[in-house]
Amino acid sequence: MISTQSLIALFIAYLLGSIPTAVWIGKIFYGIDVREYGSGNAGTTNTFRILGKKAGIPVMLIDVFKGWLACYLAHWFSNYPPESIQFANFQLSLGIIAIVGHIFPVFAGFRGGKGIATLFGMVLAIHLQAALCCCVIFLVILIFSHYVSLGSMIASFSYPVLMIFAFHVGNKSVILFGVCVAVLVLVTHQKNIERLLKGKESKSYLFKKKVQN
């Protein structure tokens, strides 16, 4: 049975995930709803593409922080030891709920983003070392290919591989989470995969002030 304390934590995690960073920053500072342009997603990639780095970087950092903070709620709302399987499972639940909030934000008409940045924040909280390795992989792919979607997918598939073979994680729930991350990213990037195969995927350049459509 789920305790009242756990339900409160899950509700807070959903509200954290529901903060529509891209929508609010776009509307407040640029008078633009990013969901009406580009890919139509209220996320980091589309913000970079439509509004540039000055908007994209804050959106990315805040969305990553949302996922990390949601998982960190386990330290405040759980009596389980941080090293226990129960604690890890509770963290997973909080992070997943935050991602659901990002994809279906109550503060933005349930039209959000794909949740990749928030997912990365969750990944940081669950296994920091593997997450940082994936970050390096993502950046390398992005720098050489200029495709955020490709970098996201390859980094996501690297996550469970790193946990199993590089860091020898024994918690089956965490391993299953890593596999689910890879599958989730693949599912949410179906349109990106189609565009990549057709050579129509938009490119993002880290070292330009603004990326055009």
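Helices here are DSSP runs (H or I) of at least four residues, numbered from the N terminus.

This is a predicted model, where local features need pLDDT of at least 70, side-chain atom pairs count only at pLDDT 80 or more, and totals for chains, interfaces and linings use all residues. Residues are numbered from 1 along each chain as its sequence is written, and side-chain values use heavy atoms, leaving out hydrogens and water.

Back to the patch: its members, including Trp24, Tyr30 and Phe110, together have about 1,000 Å² of accessible area on the surface. To join a patch, a residue needs over 30% relative accessible area and no salt bridge, and nonpolar side chains are linked within 5 Å. Val100, in helix H5, counts as partly exposed because its relative accessibility is 36%.

Now for the pockets (open sets of points on a 1 Å grid where a 1.4 Å probe fits, with protein on both sides within 12 Å along at least five of seven lines; lining residues have an atom within 4 Å of a point).

| Pocket | Volume | Lining residues |
|---|---|---|
| Largest | about 960 Å³ | 50 residues |

Thr44, Ile116, Phe138, Val148 and Ser152 lie nearest the centre of the largest pocket, whose lining divides into 23 nonpolar, 18 polar and nine charged residues. The second largest pocket is lined by six nonpolar, seven polar and no charged residues.

Conventions. Patches are made of residues with over 30% relative accessible area and no salt bridge: like charges are joined within 9 Å, nonpolar side chains (Val, Leu, Ile, Met, Phe, Trp, Tyr) within 5 Å. Accessible areas come from the Shrake-Rupley method with a 1.4 Å probe; for residues, only the protein chains shown count as cover. A salt bridge is a side-chain nitrogen of Lys or Arg within 4 Å of a carboxyl oxygen of Asp or Glu. Helices (H or I, at least four residues) and strands (E, at least two) are DSSP runs, numbered from the N terminus. Buried means under 20% relative accessible area, exposed over 50%, partly exposed in between (1.4 Å probe, protein chains only). Grid points are joined across faces, edges and corners, and a volume is the space filled by probe spheres set on the points. Ala, Val, Leu, Ile, Met, Phe, Trp, Tyr, Cys and Pro count as nonpolar, Asp, Glu, Lys and Arg as charged, and the others, Gly among them, as polar.
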